[in-house]
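Reader: I have just opened my protein model, and I would like to learn how to read it. Could you go through it with me?

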Amino acid sequence: LQSLDVANNQLRELPAALADCPRLKEANFRGNQLRDKRLEKMVNGCQTKAILEYLRAGGRGKGKAESAREEVRKKKREKQQKKDSGDGEQDEVEEASKLLVKVLHVSENPAPLVVKVSPGVKDVRAFIVCCVLKGVNLKPGNALKRFLSMQTKLHEDICEKRTVATIATHDLQLIKAPLTYDVQPPDELKIVPLGRKEIKAKDLLRQLQLEAEEQRKQKKRQNVSGLHKYLQLLDGKDHYPCLLDAEGAVISFPPITNSEKTKIRKETRDLFLEVTSDTSLQICKDVMDTLILKIAELNRSTLENKEGSGSDMESDALCGPGNLNLPLVMEQVRVVDTDGNLKVLYPSKTDLATVSSLLTVIR
């Protein structure tokens with residue numbers, strides 16, 4: 001439920017359960033003779049968020065401060081109960097060991113990244129979710145290799161061999177914003193694929209098909225590896241999806257490949273993450289949630305190993321003793337239509353819930 005209009009009815013009370021609707025953004029309760037006179041004033045002059053918080057607190061003059069005090073008391077009681085039962089210490093250890101991610105909201109960001117979506121993608125690959133992740137450390141040992149392997153595994157598993165979604169990861173410093181998610185005909189779309197020279201999409205697919213045939217002959221079996229597995233996902237399409245930078249260069253051609261232009265290297269610290277799908281927006285968000293978790297796990301593992309091995313690589317603020325649990329910083333990215341209307345903001349308040357048992361999100 002995102003919008004609720006029950007104005008000018010005969011309501012006497014508003015149910016507290018409304019506060020449990022996480023997506024409810026617009027609510028009109030005006031013109032009802034509510035018993036709670038304070039609430040009646042609020043519905044005529046306050047934003048929906050404030051009204052829902054009042055309902056959550058129990059209403060009837062029970063404001064935020066009292067609600068907060070009650071919450072603190074409740075937590076103390078629960079903590080004491082766990083301590084008495086011997087679970088408290090373990091619970092605290094588990095909480096401390098959770099991975100940390102801090103979200104920088106668009107309103108706090110002096111230069112938030114925006115992706116503009118063209119109408120043409122609707123019939124080709126309609127859904128895209130993006131975000132920025134800062135503070136990743138890919139320098140030590142095989143950290144970069146593990147990062148790329150993790151991405152491949154997610155493509156096989158949660159993305160179901162890229163049939164439901166495709167992940168693309170870019171070096172943020174190499175991106176020229178703003179970005180546009182668009183479609184182009186196969187003989188017009190040009191890209192510099194990872195590890196290759198600039199080529200038209202039509203020619204790239206033909207080249208990959210020839211390579212796939214060669215692979216089959218050499219290995220004498222039907223299975224092929226690498227990009228060759230995904231060629232059929234574009235069968236029958238007159239236009240191909242692509243993400244373009246401010247200079248008009250294609251930096252992503254889902255579900256096939258990224259561009260060499262924004263390739264991630266060992267020195268990369270800040271990532272631009274992109275998930276696209278022709279299935280649903282929620283699948284994009286679920287895949288992005290999992291991707292964030294996996295990157296956070298890899299980053300923690302990298303820092304712990306570097307710390308433990310006594311590596312004398314250049315000092316890094318993130319790798320000092322006691323700094324192993326510094327949060328990665330996520331920046332929200334807005335996806336808008338050509339008129340500037342918001343289509344999706346990630347991460348929103350309701351995102352990252354699927355991984356909340358392993359991730360602590362500081363909003």
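Predicted model: local features only at pLDDT ≥ 70, side-chain atom pairs only at ≥ 80, totals over all residues.

Reader: How many helices and strands does the secondary structure of the chain come to?

Author: Helices (H or I, at least four residues) and strands (E, at least two) are DSSP runs, numbered from the N terminus. Counted this way, the chain has seven helices and 16 strands.

Reader: What share of the 363 residues counts as buried?

Author: Buried means under 20% relative accessible area, exposed means over 50%, and partly exposed lies in between (1.4 Å probe, protein chains only). By that rule, the buried share of the 363 residues is 41%.

Reader: Why do the buried residues of α1 lie on the same side?

Author: In α1, which spans residues 37-45, the buried residues are Leu 39, Glu 40, Met 42 and Val 43. The arc is that of the directions from the helix axis to the C-beta atoms. These residues share one side of α1 because their arc around the axis is only 160°.

Reader: Which exposed residues does the face of α1 turned away from its buried side carry, and what covers the buried residues?

Author: Contact means heavy atoms within 4.5 Å, and the cover over the buried residues of α1 includes α2 (48-56). The face turned away from the buried side carries the exposed residues Lys 37, Lys 41 and Gly 45.

Reader: How many salt bridges does the structure hold?

Author: Side chains of opposite charge can pair when their charged atoms come close. A salt bridge is a side-chain nitrogen of Lys or Arg within 4 Å of a carboxyl oxygen of Asp or Glu. The number of salt bridges in this structure is 13.

Reader: How far apart along helix α6 are Asp 203 and Arg 206?

Author: The side chains of Asp 203 and Arg 206 meet in a salt bridge of 3.0 Å, N to O. Asp 203 is partly exposed at 27% relative accessibility, and Arg 206 is partly exposed at 42%. They are three residues apart in α6 (residues 201-219), so their separation is about one helical turn.

Reader: Where do Asp 351 and Lys 285 lie, and how many residues apart are they?

Author: Their side chains form a salt bridge of 3.3 Å, N to O, and both Asp 351 and Lys 285 are buried. The pair links distant parts of the chain: Asp 351 is in the loop between β15 (342-346) and β16 (359-362), while Lys 285 is in helix α7 (residues 281-309), and they are apart by 66 residues.

Reader: Is Arg 300 buried or exposed?

Author: Arg 300 forms a salt bridge with Glu 304 (3.9 Å, N to O). Glu 304 is partly exposed, with a relative accessible area of 37%. Arg 300 has a relative accessible area of 16%, so Arg 300 counts as buried.

Terms used:
Residues numbered from 1 in each chain as written. Heavy atoms only, no water.
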